[in-house]
Amino acid sequence: MSIFNKVLEIYKDQNICLDCLGRMFSLLGTHSTNEERGKSLLLSLTMENHQKYLIGEESIRNKAIENLKLLANKAKYIPAKEVLKKEGFEPLLLNEDINCFLCNNIFRNLDDYVEIAKKNLEKIEYSNFLIGTSPSGKIINREDKFKAKHNIIEAESFKTHMNREIGKKLVNDIGKPTEFTYPDLTIIYSIRFDKSSTSLIIRSLFIFGRYKKLIRGIPQTRWFCRKCNGNGCESCEFTGKQYETSVEGLISPEFINASQAESSKFHGAGREDIDVRMLGTGRPFILELRNPKIRTLDLDNLLEKVNMTNKDKIEINQLSYTNKKQVIFIKENAENTKKTYKAIAESSSELNIEEFQERFIKLINTFENKNIDQRTPHRVAHRRADKIRDKKLFKVEGKFLKPNLFEFIIESQGGTYIKELISGDEGRTSPSFSEILEVQLKCIELDVLNIDY
Ligand SMILES: [Zn+2]
Ligand SMILES: [Zn+2]
């Protein structure tokens, strides 16, 4: 069936708008909008039938008038109506208020949707956006049946048409481009024939930095109270927190405030124990700010504020903007980075300095550039899978402080359990410092001195 006959068949069946008419043949012809396609089809049809009326035989003339009436009444096409008038025919006046069968005239009123979007975007900082349309099942089913009935195979979907047309209008109106991969904002229209709604997704803002933890006793992230799970109870003095504060809790409020974010999430490149300090150049972290209304932050000023408020507790440095991919990267990479620790260990029995030095040579031979097997420590077994991890040690230095007190500098692969490397964890880590020095050691102080990143 020719395109023209198909158009006539469509209008014998239903009334559809120019956008939807053009949309049904969208894959044919380029550099045109669907509306232009629709108009061209109707104009060509009107011209063809006008000509047939002027030069055709009786039966052809009658058929031509019938077609022109169809175009005038069902497609509400003005030129067809004018041709009929000019040739002395009264076009039938059908109900003028029939909406487009496929879009219910939504495509005729896209400006309303643009206005809704603009309202939603007020007071939000963004440099690009994306439109997402989600038509209801009813809309999609109706269109599928319609296309099948008329054997239409060159159509563009409701969704694609609407996304592009609103996108064009918005770009024009607000002067900001669309972005398909990482849009700052996504405006989602949930379309129903009776009532549509709009929602907004704001892309999280990711800030990279490094933190130093200068005192012991602070966890990296917020810990909910073990008793009440964060609801607040007597044992947590109704704070819901197990610890009064955390590295996250000290850093994030200034950022949430400055970005007007709804919430935040702290992603550390690994973590140190609560009683371990994090020194040197600090541990990499990424702060994810969710639903931020402001994306341009004065990072220098935030750094200064955080460091001033938390003087002698924590310190941040090297702030920069980053992205979601880096969150995965710093987490996965944490296992591969080289870390340097300082440990103070107490021994259950005394060694004199000669004994220590003699046994320490054996310690170096055992551990430097060697791998050890570490079974998941007792103390974390309740939250980590019980398995044996193979970890590499690069360097070990030792210092005799007192007959029962030694200092160790240990350079090892990320994820090595240092406290257990020293104690042996009742045989779960082997070999261990206790094993080689032939005294039972206990790590009483631990600092991370450096993280290679
Ligand atoms: Zn339509
Ligand atoms: Zn509690």
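How many C-beta neighbours does Asn104 have inside 10 Å, and does that make Asn104 buried, exposed or partly exposed? Select Asn104 and count: there are 17, so Asn104 is partly exposed. A residue is buried if 20 or more other C-beta atoms lie within 10 Å of its own, exposed if 12 or fewer, and partly exposed in between, with C-beta atoms placed from the backbone.

Before moving on, note that this is a predicted model: local features need pLDDT of at least 70, side-chain atom pairs count only at pLDDT 80 or more, and totals for chains, interfaces and linings use all residues. Residues are numbered from 1 along each chain as its sequence is written, and chains are lettered from A and ligands numbered from 1 in the order in which they are written.

**Stop 1: helix 1**

Select residues 3-13, helix 1. Helices (H or I, at least four residues) and strands (E, at least two) are DSSP runs, numbered from the N terminus. Colour Val7, Ile10 and Tyr11: these residues of helix 1 are buried. Seen down the helix axis, the buried residues of helix 1 fall within an arc of 90°, so they line one face. The arc is that of the directions from the helix axis to the C-beta atoms. Now turn to the face away from the buried side; Asn5 and Lys12 are exposed there. The buried residues pack against helix 2, helix 3 and helix 4 (58-73). Two residues are in contact if their C-beta atoms, placed from the backbone, lie within 7 Å.

**Stop 2: helix 1 against helix 3**

Axes are lines fitted to C-alpha atoms, for helices over the stretch in contact, and angles run from 0 to 180 degrees between N-to-C directions. Helix 1 and helix 3 are therefore roughly perpendicular. Angles under 35 degrees count as roughly parallel, over 145 as roughly antiparallel, 65 to 115 as roughly perpendicular and the rest as oblique.

Show side chains at the contact. Helix 1 brings Ile3, Phe4 and Val7; helix 3 brings Leu41, Leu45 and Glu48. By class, the contact has 5 nonpolar, no polar and 1 charged residues. Ala, Val, Leu, Ile, Met, Phe, Trp, Tyr, Cys and Pro count as nonpolar, Asp, Glu, Lys and Arg as charged, and the others, Gly among them, as polar.

Centre on Leu41, in helix 3. Leu41 is buried, with 23 other C-beta atoms within 10 Å. Not counting residues up to four places away in sequence, Leu41 touches Ile3, Val7 and Leu21. Draw a distance to Asn105, 64 residues apart along the chain: the C-alpha atoms are separated by 19 Å.

**Stop 3: helix 7 and helix 8**

Select helix 7, residues 137-149. Helix 7 is hardly covered: 1 of its 13 residues is buried. Just after helix 7, Asn151 has a positive phi of about 55°.

Next, select helix 8, residues 158-174. At 1.5 Å a residue, its 17 residues should span 24 Å, and the end C-alpha atoms are 24 Å apart, which agrees. The expected span is 1.5 Å times one less than the number of residues. Which residues of helix 8 are buried? Phe158, His161, Met162, Glu165, Ile166 and Leu170 are. They fall within an arc of 145° seen down the axis, so they line one face of helix 8. Their packing partners include helix 3, helix 6 (110-121) and strand 1 (129-135).

Step off the end of helix 8 to Gly175, with a positive phi near 70°. Go on to Glu179, in the loop between helix 8 and strand 2 (185-191). With 16 C-beta neighbours inside 10 Å, Glu179 is partly exposed. Leaving aside neighbours within four places in sequence, Glu179 is in contact with Asn128, Phe129 and Leu130.

**Stop 4: backbone details**

Most residues other than glycine have a negative phi, and most peptide bonds are trans. Return to Asn104, in the loop between helix 5 (78-86) and helix 6. Its phi is positive, near 55°. Select Asn291, in the loop between strand 6 (276-290) and helix 10 (299-309). Phi of Asn291 is also positive, near 55°.

Finish at Ser430 and Pro431, joined by a cis peptide bond with omega about -5°. Pro431 lies in the loop between strand 12 (429-430) and helix 14 (433-437).
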